[in-house]
Structure formats: C-alpha cells, structure tokens
Amino acid sequence: MDAALPDGPHTVSAEIRDVAGNLATGSASFTVDTTPPAASLDRPLTPTSAPLPEIRLSYSDSGSGVDPASVGVYLDGEEQPFAIGEALAVGSPATPLADGA
C-alpha cells in the first residue's frame, strides 16, 4: 500500500487469535495533518524610523494547532526574545536598529 492517508482523523484496528482460538483486539486513533501553519507580519506594516519598533506576528493552524514552543522569531538571522503566545508573537529588537536597517 503506497497511497498516503488523507488529512483528518483515522482509526487503526487489529485482531489477533492465538493457537487456542482466543481473540484479542486493539485500536488507536490518530490525526494526519500535512498542512503547514499560516503566519503573517502584522506590525510594522510600513517603513518606520523607530530604532526599536514593535514587531507583531500572528500565526494559526486549522489542523493540529501551533505549538508555541516551536515558534522562533529571527531578525537578520538572530533570534529575538519575543513574547510567544498561542497565536501571537510580540516584541522589539534586542538591540536598536541602525538608521536605514
């Protein structure tokens, strides 16, 4: 079987019999979620002259949800100490931005 399971809930079940004919069963449910989360930059929306502008990112996932522990915010390749929530990350650069940066 090479076909991939579609996104959504699934249940797998099994039956096993021993040599004496005794039956055992088991099942488990799981969800397939292959759709990545969505993210958008909410602030700043326009150029700013602020050396420490507030940066606001929102994100969501209609499948399994977003794990806040997996969210990282990077500015010019350096991770920033933003407040991370269930659907929002807010903060300012760790160091002031240079003019024109």
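**Group meeting: a walk through one predicted model**

Asp-76 counts as exposed because its relative accessibility is 72%; buried means under 20% relative accessible area, exposed over 50%, and partly exposed in between, with a 1.4 Å probe and protein chains only. This is a predicted model, where local features need pLDDT of at least 70, side-chain atom pairs count only at pLDDT 80 or more, and totals for chains, interfaces and linings use all residues. Residues are numbered from 1 along each chain as its sequence is written, and side-chain values use heavy atoms, with hydrogens and water left out.

Back to Asp-76. This residue lies in the loop between strand 5 and strand 6 (78-79). Strands here are DSSP runs of E with at least two residues, numbered from the N terminus. The phi of Asp-76 is near 55°, a positive value in a residue other than glycine. Most residues other than glycine have a negative phi, and most peptide bonds are trans.

That brings me to Pro-44. A cis peptide bond joins Arg-43 and Pro-44, with omega about -10°. Pro-44 is in the loop between strand 3 (38-43) and strand 4.

Four strands form an open sheet in the order 3-4-8-7, with antiparallel pairing; two strands pair if DSSP finds at least two bridges between them. Strand 3 and strand 7 (83-84) are the edges, each pairing on one side only. Between strand 3 and strand 4 there are five bridges, in the antiparallel sense. Ser-40 stands opposite Ser-58 of strand 4.

Next, the core. Ile-55, Tyr-59, Val-66, Val-73, Phe-82 and Ala-89 make up the largest nonpolar core, meaning a set of buried Ala, Val, Leu, Ile, Met, Phe, Trp, Tyr and Cys residues joined through side-chain atoms within 4.5 Å.

Last, Asp-61, in the loop between strand 4 (55-60) and strand 5 (74-75). The side chain of Asp-61 does reach the backbone nitrogen of Gly-63 at 2.9 Å and that of Gly-65 at 3.1 Å.

Terms used:
Polar contact = N/O pair within 3.5 Å; in protein donor to acceptor, adjacent residues only side chain to side chain.
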